[in-house]
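Please view the sequence and the structure together, and then read the notes below.

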Amino acid sequence: MEILAFEGTPEQEEMLREVFEKNKDVPGKMMPILQEAQEIYGYLPIEVLRMIADALDVSLSEVYGVATFYSQFSLTPKGENKISVCLGTACYVKGSDKVLEAIENKLGIKSGECTPDRKFSIDSCRCVGACGLAPVIMIGDEVYGKLTPDDVDKILDSYINDGGETE
């Protein structure tokens with residue numbers, strides 16, 4: 001897995017400092033701070049976790065433990081085009097694992113990773129509620145169903161070349 005360089009800005013850091021100030025007297029402030037930090041940066045890089053630990057005067061491992069316990073938090077950046085591959089039962093038995101493999105091969109990254117240009121990220125999920133269309137992927141809010149690995153190139157090329165959405 002390639003580690004993408006942290007690309008925080010001074011403006012984002014100032015916003016985070018405002019979050020610290022706003023939450024300084026809030027009981028259980030770590031959760032709202034983590035949530036707002038993720039909104040600011042799009043994910044929770046280690047550099048941000050360090051800033052949070054310093055601001056709260058707790059260990060980095062404590063902040064990391066909370067951030068990794070809750071599935072709402074991501075420690076890796078998400079791409080401009082977030083690909084979600086359903087690996088629920090209906091999709092899996094109809095070959096979603098092969099669709100996922102085709103996406104990983106096309107983009108050169110694995111599930112849970114982001115392309116170096118931050119255009120795409122891949123995640124798997126357990127169900128998107130479209131079992132009748134299995135196997136299914138979502139790119140942003142766009143649902144693509146009844147897929148085979150052969151469909152992957154056309155779909156991804158539409159995002160690479162045109163910004164998405166094929167028929």
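Helices, of at least four residues, and strands, of at least two, are DSSP runs numbered from the N terminus. On that basis the chain has seven helices and four strands. The model is a predicted one. The notes move from the chain as a whole to the sheet, then to the helix packing, and finally to individual residues.

**The chain as a whole**

- The C-alpha trace spans about 50 × 30 × 25 Å along its principal axes.
- The chain has 167 residues, of which 41% count as buried.
- The accessible surface comes to about 9500 Å², and 50% of this surface belongs to carbon and sulfur atoms.
- When contacts between residues at least 6 apart in sequence are considered, 57% of them join residues at least 24 apart.

**The sheet**

- Four strands form an open sheet in the order E2-E1-E3-E4, and their pairing is mixed.
- The edges are taken by strand E2 (120–125) and strand E4 (142–144); each has a single partner strand, so one side of each is left without a neighbour in the sheet.
- On average, neighbouring strands of this sheet are turned by 20° against each other, with direction ignored.
- Strand E1 (residues 81–86) and strand E3 (residues 137–139) run antiparallel and are joined by three bridges.
- Ile83 has Ile139, in E3, as its bridge partner.
- Helix H6 (residues 96–107) lies across E1, E2 and E3, and runs at about 155° to E1.

**Helix H3 and its neighbours**

- Helix H2 (residues 30–41) and helix H3 (residues 46–56) have axes that come within 11 Å and cross at roughly 145°. This crossing of H2 and H3 is right-handed.
- On the H2 side the contact is made by Met30, Ile33, Leu34, Ala37 and Tyr41, and on the H3 side by Val48, Leu49, Met51, Ile52 and Leu56. By class, the contact of H2 with H3 comprises ten nonpolar residues, with no polar and no charged ones.
- H1 and H3 pack at an angle of about 30°, and their axes are 11 Å apart. The crossing of H1 and H3 is also right-handed.
- In this second contact, Glu13, Leu16 and Phe20 of H1 meet Val48, Met51, Ile52 and Ala55 of H3. The residues of the contact of H1 with H3 divide into six nonpolar, no polar and one charged.
- The buried residues of H3 are Val48, Leu49, Met51, Ile52, Ala53 and Leu56. Their cover includes H1, H2 and helix H4 (60–69).

**Residues toward the start of the chain**

- Phe6 is found in the segment before helix H1 (10–22). Its relative accessibility is 29%, so Phe6 counts as partly exposed.
- Beyond its neighbours within four places in sequence, Phe6 is in contact with Tyr41, Tyr43, Pro45, Glu47 and Val48.
- Phe6 and Lys24 are 18 residues apart along the chain, and their C-alpha atoms are separated by 26 Å.
- Pro10 has its place in helix H1. Pro10 is exposed, because its relative accessible area is 63% and exposed means over 50%.
- The C-alpha atoms of Pro10 and Leu147 are separated by 43 Å, the two residues being 137 residues apart along the chain.

**Backbone features in the loops**

- In general, most residues other than glycine have a negative phi, and most peptide bonds are trans.
- Asp57, a residue other than glycine, has a positive phi near 55°. Asp57 is found in the loop between H3 and H4, and with a relative accessible area of 71% it is exposed.
- Lys146 is not a glycine either, yet its phi is positive, at about 55°. Lys146 lies in the loop between E4 and helix H7 (152–162), and at 56% relative accessibility it counts as exposed.
- The peptide bond that joins Ala134 and Pro135 is cis, with omega about -5°. Pro135 is found in the loop between E2 and E3.

Technical notes: Residues numbered from 1 in each chain as written. Predicted model: local features only at pLDDT ≥ 70, side-chain atom pairs only at ≥ 80, totals over all residues. Heavy atoms only, no water. Pairing = 2+ DSSP bridges. Axes fitted to C-alpha atoms, helices over the stretch in contact; angles between N-to-C directions. Contact = heavy atoms within 4.5 Å. Left-handed = near helix turned anticlockwise from the far one by under 90°. Nonpolar A, V, L, I, M, F, W, Y, C, P; charged D, E, K, R; others polar. Buried < 20%, exposed > 50% of the residue type's maximum accessible area, 1.4 Å probe, protein only. Areas by Shrake-Rupley, 256 points an atom, 1.4 Å probe, with all protein chains shown as cover.
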